Amino acid sequence: QVQVVESGGGSVQAGGSLRLSCAASATNFVLTYNMAWYRQAPGKERELIASIDTFGSTYAESVKGRFTISRDINENTIALQMNSLKPEDTAMYYCAGRRLVGDEILAWGQGTQVTVSS
């Protein structure tokens, strides 16, 4: 079973930056599948905020222009660079690996907390 492990969360003031990373355990997993970042704040639904695969990257409107998703095929990792953070970005952030067609989640991380204070 493929595992993905997130790292890099923490606390930052509004306007600051954080970089999240996610490592996949299966060889070539990042190359083969769609990799995504989700987040979930208390009392809110899970939100897909960014994804990347061989066809390109996509972003939710809530993070577009502030967050950048990237992948390192050689290291089998992805990253999420988060700039101009806002208090409403506070959430648990999850990394996921998904099929290219149908969005079936194949691997789901344990999550990393991001807290943005005003």
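This is a predicted model: local features need pLDDT of at least 70, side-chain atom pairs count only at pLDDT 80 or more; totals for chains, interfaces and linings use all residues.
**Notebook: surface patch, disulfide and salt bridges**

Residues are numbered from 1 along each chain as its sequence is written, and side-chain values use heavy atoms, with hydrogens and water left out.

I then placed V101, which sits in the loop between β9 (91-98) and β10 (105-108); strands here are DSSP runs (E, at least two residues) and helices likewise (H or I, at least four), numbered from the N terminus. V101 has 73% relative accessibility and so counts as exposed, where exposed means over 50% relative accessible area, buried under 20%, and partly exposed in between (1.4 Å probe, protein chains only).

Next I searched the whole structure for disulfides (a pair of cysteine sulfur atoms within 2.5 Å) and found one. Its partners are C22 and C95, with their sulfur atoms 2.0 Å apart, and the link is left-handed, with -70 degrees about the S-S bond. Because C22 lies in strand β3 (residues 18-24) and C95 in strand β9, the pair ties together parts that are 73 residues apart in sequence. I checked the burial of both cysteines: C22 is buried, as is C95.

I turned last to salt bridges (a side-chain nitrogen of Lys or Arg within 4 Å of a carboxyl oxygen of Asp or Glu), of which I count five. D89 and R66 meet at 2.7 Å, N to O; the pair links distant parts of the chain, with D89 in the loop between β8 (77-82) and β9 and R66 in the loop between β6 (56-59) and β7 (67-72), 23 residues apart. Both D89 and R66 are buried. E47 and R39 meet at 2.9 Å, N to O; here E47 is partly exposed at 26% relative accessibility, whereas R39 is buried at 7%. I noted that R39, E47, R66 and D89 are linked in a network of salt bridges.

I also recorded the bridge of E104 with R99, whose closest N and O atoms are 2.7 Å apart; E104 is partly exposed at 43%, and R99 is partly exposed at 35%.
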